[in-house]
Amino acid sequence: MRRFWWLAALWALVLGACVQNGSEGPVVGVSLLTRQDAFYRELERGLKEEAAKQKLTVRLDAGEFDLARQQGQLENYAVQKVAAIVVCPTDSQGIGPAIARANQADIPVFTADIRAREGTVVSHIASDNIAGGRLAGEYIAKRLNGQGQVAIIDQPYIQSVIERVRGFEEALKPYPNIRVVARLTGDGVRDRSLKAAEDLLQSQRKLDAVFAINDESAFGVVSAIEAAGRKGIFVVGYDASEEARKLIAGGKSPLQADIAQDPYRIGQETIRAVAAHLAGQPVEPVIPVPVRLVDKAALGNETLTPAP
């Protein structure tokens with residue numbers, strides 16, 4: 001087993017050398033949460049386009065919700081001695097040891113979109129998720145006239161989601177007649193959120209609204225509501241992807257509003273922070289990217305594809 005480990009390390013060094021030799025500048029290792037979600041594809045576009053402007057080369061991977069896989073990616077970056085690492089953690093707590101190993105190798109680490117709870121990070125670049133959660137909560141409270149039963153489709157091991165839910169619950173505190181009757185985990189993906197929503201609808205015969213912590217979760221909830229033929233339940237999502245915007249603009253889907261992030265800008269700001277740090281310039285420890293609520297009225301004058 002030890003021999004195979006050294007072979008893997010040697011191969012990583014060879015790959016790193018190849019990337020370095022073919023680059024225009026320092027190599028940045030990037031491990032996304034996933035490349036299957038439109039949000040992260042747009043974030044990736046922002047990373048790549050800004051890296052080209054900054055004369056940086058991005059070596060991009062994705063954890064695909066697998067902590068061990070992402071840990072291995074960060075360890076490979078450390079072996080390759082990349083100039084910096086950017087990670088969107090699959091697990092905010094679990095990624096800590098891999099970040100710590102990069103720290104020991106004197107490689108600066110940046111987090112994008114999702115915060116890490118352990119390890120030293122130069123800067124965290126993300127949407128203002130507490131503010132986004134508040135916007136969702138305020139929208140639901142207004143739609144319900146301060147009274148009703150609400151559920152949350154959660155992903156409680158992701159720090160950005162924890163912040164969204166915190167903001168959401170804070171927004172509902174002034175409304176004692178709005179009750180959060182269920183909080184189920186959909187793991188941030190459509191099929192599991194669909195199953196969670198099916199369980200929710202079976203257990204809650206009276207339900208008025210659902211806050212889904214991202215659009216993939218929202219799509220799963222919408223499918224469950226439509227399949228069950230339940231009327232009078234509306235959904236608020238988070239991401240405002242093109243698919244979500246189309247549903248909201250159509251006006252007939254249970255998905256009635258969404259919190260719009262700017263993943264392209266998150267990618268841009270992340271690379272700008274990396275470039276500044278590598279140039280010896282100071283970088284803010286947290287760089288928030290504004291969010292906003294979109295509903296059918298707000299989308300009236302917008303194009304469906306977000307502009308960079």
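**Notes on the sheet and its surroundings**

1. In this predicted model, six strands make up an open sheet, ordered β2-β1-β3-β4-β5-β11, and their pairing is parallel. The edge positions belong to β2 (57-62) and β11 (286-289); each has a single partner strand, so one side of each is left without a neighbour in the sheet. From one strand to the next, the twist averages 15 degrees.

2. Within the sheet, strand β1 (residues 27-32) and strand β3 (residues 84-87) run parallel and are joined by four bridges. As for individual positions, I85 in β3 has G29 standing opposite.

3. Helix α10, covering residues 263-278, lies across β1, β2, β3, β4 (109-112), β5 (123-127) and β11. The helix runs at about 165 degrees to β5.

4. A260 belongs to strand β10, which spans residues 255-260. Is A260 buried or exposed? Its relative accessible area is 4%, and buried means under 20%, so A260 counts as buried.

5. Which residues does A260 touch, not counting residues up to four places away in sequence? The contacts are D239, A240, R245, V291, R292 and V294. For A240, the separation from A260 is 20 residues in sequence, while the C-alpha to C-alpha distance is 4.6 Å.

Methods: Residues numbered from 1 in each chain as written. Predicted model: local features only at pLDDT ≥ 70, side-chain atom pairs only at ≥ 80, totals over all residues. Heavy atoms only, no water. Pairing = 2+ DSSP bridges. Helix = DSSP H or I, 4+ residues; strand = E, 2+ residues; numbered from the N terminus. Axes fitted to C-alpha atoms, helices over the stretch in contact; angles between N-to-C directions. Contact = heavy atoms within 4.5 Å. Buried < 20%, exposed > 50% of the residue type's maximum accessible area, 1.4 Å probe, protein only.
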